[in-house]
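Here is a briefing on one protein model. Look at the fold first, then read the points by topic.

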Amino acid sequence: MFENLLKLIQENAGEAIINNPAIPNSKNNAAIQTAAKSLLKNLQVTAKSGGLDSIKELFNNGENVATNPVMNNLTSGVASDLMKKFGLDKGAASGI
């Protein structure tokens with residue numbers, strides 16, 4: 001599962017990481033790995049806390065995912081982990 005998640009992040013957020021001047025090129029792969037680990041961790045926490053149906057809805061629903069509370073929690077968690085690990089400011093981390 002982690003490999004699939006990593007591939008999805010590379011395909012969808014890789015450009016945002018690679019083109020982000022706040023992340024040195026030598027740290028791009030580490031940032032992608034951190035984002036994947038953080039996303040997986042936050043999905044697991046949500047599922048364990050009774051949010052499995054919310055996660056299913058996130059993937060099955062055709063609505064705008066940006067307004068989904070689970071997605072907001074996931075993106076906040078990833079941004080927070082990137083801020084901690086790479087010293088990014090909130091804007092740079094949230095942009096990824």
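**Briefing: helices, a salt bridge and a pocket**

Ile-9 sits in helix α1; helices here are DSSP runs of H or I with at least four residues, strands are runs of E with at least two, and both are numbered from the N terminus. The model is predicted: local features need pLDDT of at least 70, side-chain atom pairs count only at pLDDT 80 or more, and totals for chains, interfaces and linings use all residues. Residues are numbered from 1 along each chain as its sequence is written, and side-chain values use heavy atoms, with hydrogens and water left out.

**Helix α1**

- Ile-9 counts as buried because its relative accessibility is 9%; buried means under 20% relative accessible area, exposed over 50%, and partly exposed in between, with a 1.4 Å probe and protein chains only.
- Leaving aside neighbours within four places in sequence, Ile-9 is in contact with Gly-14, Ile-32, Ala-35, Ala-36 and Leu-39; contact means heavy atoms within 4.5 Å.
- Ile-9 and Asn-73 are 64 residues apart in sequence, and their C-alpha atoms are 17 Å apart in space.
- Phe-2 also lies in α1. Its relative accessibility is 22%, so Phe-2 counts as partly exposed.
- With neighbours within four places in sequence left aside, the contacts of Phe-2 are Gln-33, Ala-36, Lys-37 and Leu-40.

**Helix α3**

- Asn-28 lies in helix α3. Asn-28 is buried, with a relative accessible area of 8%.
- Not counting residues up to four places away in sequence, Asn-28 touches Ile-17, Ile-18 and Ile-23.

**Helix α4**

- Helix α4 covers residues 69-86, 18 residues in total. At 1.5 Å a residue it should span 26 Å, and its end C-alpha atoms are 26 Å apart, which agrees. The expected span is 1.5 Å times one less than the number of residues.
- The buried residues of α4 are Val-70, Leu-74, Gly-77, Val-78, Ala-79, Asp-81, Leu-82 and Phe-86.
- An α-helix has 3.6 residues a turn, so residues three or four places apart point the same way.
- Among the elements covering the buried residues of α4 are α3 (28-60) and α5 (90-95).

**Salt bridge**

- The structure holds one salt bridge, meaning a side-chain nitrogen of Lys or Arg within 4 Å of a carboxyl oxygen of Asp or Glu.
- Asp-81 pairs with Lys-41 in a salt bridge, and the closest N and O atoms are 3.0 Å apart.
- The pair links distant parts of the chain, 40 residues apart: Asp-81 is in helix α4 and Lys-41 in helix α3.
- Asp-81 counts as buried because its relative accessibility is 16%. Lys-41 is partly exposed, with a relative accessible area of 40%.

**Largest pocket**

- The largest pocket holds about 730 Å³ of space.
- Its lining has 29 residues, and Ile-9, Leu-39, Met-71, Thr-75 and Val-78 lie nearest its centre.
- The elements giving two or more residues to this lining are α1 (2-12), α3, α4 and α5. The largest share, nine residues, comes from α3.
- The lining divides into 22 nonpolar residues, six polar and one charged. Ala, Val, Leu, Ile, Met, Phe, Trp, Tyr, Cys and Pro count as nonpolar, Asp, Glu, Lys and Arg as charged, and the others, Gly among them, as polar.
- A pocket is an open set of points on a 1 Å grid over the protein atoms alone, where a 1.4 Å probe fits, with protein on both sides within 12 Å along at least five of seven lines; lining residues have an atom within 4 Å of a point.
- Grid points are joined across faces, edges and corners, and a volume is the space filled by probe spheres set on the points.
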